[in-house]
Amino acid sequence: GSSAVADKAHVRHVPALALAPAHCAPGGRLSADARAMKRRRQPGPPKVVGQGLRRLRAAVRSTALLLFLGGAGLAPASALSYPYWRAGVGAPLQFAAVPPAAPAPAAASGEAPDGDPWDANASLNSTFNASSSEALLPPLSPDVVGGGIAGSGADGVAGGSGGGSGPDDGCVCPGEEPAPKCQVSKVMVREEHSGSHTFSLAEISAIFGAGALNEAQRRLVTLVNISETSFMCLDDRAQAPSLATPGGDLGEFILALAGYVQERNQGRGDAPPLSQEQVDSMLEEYVMALPPSRPLLHCTDENALHHLEDVLPLENLDLTNPSEQAKSLGLLDKLATDSINHGDSHIRLLMDKPEWFQLDRWLVPMVLRSFYTSLWKQNQDRTSPLYATHKLKLELLNGISDPKAFLEVSSGEFCHEAGLAPRVPSHVQGRSVLVSHLDAVSFRRRDLANFFARIANATPRKLDAERLFQRLERHGWLALETTGSRIASALPFYTLIYS
């Protein structure tokens, strides 16, 4: 835990106190402080500040325990603080040791005329880590304080993993009911556009439900933690239930990089403001920070693979681990310059018509080069930090795309604020559907906005993360509408809201 005092609506850090009291009194009853916290629960910063004040008072009263912890080395000499406060249903508080202030980095030798110290030869790791260094404290022993440091979900919302008890997620003492969990029990289906009569509202309702779910309908939907789940491309050939967005994870990274460049006013004509080395470094830095369960995903299909084999020419081409012969024949150039070599319809549109998406023509080829170069390092280069990490994934789609409906799937407010989203299959009763998760992908866009804001804020030309996030949301709508109008214009469009 961390102790803090309030001063004019700000949180001031108190370095010496690093102790949170146990919330259960002897005999399994809630302590007076915990009961008071429970009665006065309110969302937002006042709650966090109030908890800090109460923990401060409790820590002062618990002098002996504090001395014990200090002697055990659990109270570091550096100040402890909230790296940020998180609001939302069941949102856990996270604490981090604040590192000593680092001296401002000197401008790189290749400083641009406008004062931007980007240098292709400089390590992005140093600039990024200097602005976002956070070392999570080890969890305190349950014997000392009744819980650990809670896990987190995307965008600071409580995830499904991680431990720790506290007044937010409920100190479950004998005789007390545990905090409610997000569970799916009903669905609301709405027809937004009738389209061709390939999948009627009555058929969709019979398969997925309309109101309370029966056992078969309940088995069709799976709630997943957004912060731990990759985003699949928008394609009806996906074999397993997945969260989906146009272009998958790589499509969202392209959107975010475009927003980063535009917010910094670097898009000037066709000349790229970033070098290929800088884009490579950004992508590598981003994927290295991803959790193991959430590789950055990109799609292609068999038709694109066979076309590459024909034009190289080469047999038995493996795009995840190509031979040196394939590379010498210009495989990377063909992937970066010709849209017909890609099986994701959204990526093909981004390459052929970048102006439809307000993108510079150079951007998508650069990101594709970075993705495949990093993918091959992951599987071949033992000197690369990506080697054997499985942080990038290429999904190979089989068959012919033939969707019969478009489904926009979301969860109710309670599950959404808990960072959970429903996955449904794209193949039902012998027919396939396109599935999109516009609400869930907002969590990923906020992660990306924070990532690029940290990179920018390590340079003289700063960037506001919230402003960038709003830009990504607008461009995400544009991407879905543009690609959807090309691949699903004649399809019936349904919204499914699970709660």
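**A loop and its surroundings**

Modeller: Asn 316 counts as exposed, because its relative accessibility is 72%; exposed means over 50% relative accessible area, buried under 20% and partly exposed in between, with a 1.4 Å probe and protein chains only. The model is predicted, so local features need pLDDT of at least 70 and side-chain atom pairs count only at pLDDT 80 or more, while totals for chains, interfaces and linings use all residues. Residues are numbered from 1 along each chain as its sequence is written, and side-chain values use heavy atoms, with hydrogens and water left out.

Asn 316 belongs to the loop between H10 and H11. Helices (H or I, at least four residues) and strands (E, at least two) are DSSP runs, numbered from the N terminus. Most residues other than glycine have a negative phi, and most peptide bonds are trans. Elsewhere, Ala 388, likewise not a glycine, has a positive phi of about 60 degrees. Ala 388 sits in the loop between H14 and strand E12 (392–397) and counts as partly exposed because its relative accessibility is 47%.

Leu 305 counts as buried because its relative accessibility is 12%, and Ala 304 is buried, with a relative accessible area of 2%. Contact means heavy atoms within 4.5 Å. Apart from neighbours within four places in sequence, Leu 305 is in contact with Leu 317, Leu 319 and Leu 396. With the neighbours within four places again left aside, Ala 304 contacts Ile 340, Asn 341, His 342 and Gly 343. The C-alpha atoms of Ala 304 and His 342 are 5.2 Å apart, although 38 residues separate the two in sequence.

Strand E11 (residues 296–301) holds His 298, which is buried, with a relative accessible area of 0%. Beyond residues up to four places away in sequence, His 298 touches a set of residues that includes His 342, Leu 250, Leu 368 and Phe 371.

Two packed helices are described by the angle between their axes and the distance between the axes. Axes are lines fitted to C-alpha atoms, for helices over the stretch in contact, and angles run from 0 to 180 degrees between N-to-C directions. The axes of H8 and H14 come within 10 Å and cross at roughly 130 degrees, which makes H8 oblique to H14. Angles under 35 degrees count as roughly parallel, over 145 as roughly antiparallel, 65 to 115 as roughly perpendicular and the rest as oblique. In this contact, Leu 250, Phe 253, Ile 254, Leu 257 and Ala 258 of H8 meet Leu 363, Val 364, Val 367, Leu 368 and Phe 371 of H14. By class, ten of the residues in this contact are nonpolar, none polar and none charged; Ala, Val, Leu, Ile, Met, Phe, Trp, Tyr, Cys and Pro count as nonpolar, Asp, Glu, Lys and Arg as charged, and the others, Gly among them, as polar.

Helix H8 (residues 248–263) packs against helix H9 (residues 276–288) too, at an angle of about 125 degrees and with the axes 12 Å apart. Phe 253, Leu 257 and Tyr 260 of H8 make this contact with Val 279, Met 282, Leu 283 and Tyr 286 of H9.

Tyr 260 takes us to the core. A nonpolar core is a set of buried Ala, Val, Leu, Ile, Met, Phe, Trp, Tyr and Cys residues joined through side-chain atoms within 4.5 Å. The largest has 56 residues, and those with the most contacts inside it are Tyr 260 and Phe 452. Helix H14 (residues 363–380) gives the most to this core, namely nine residues. In soluble globular proteins, nonpolar side chains tend to be buried together.
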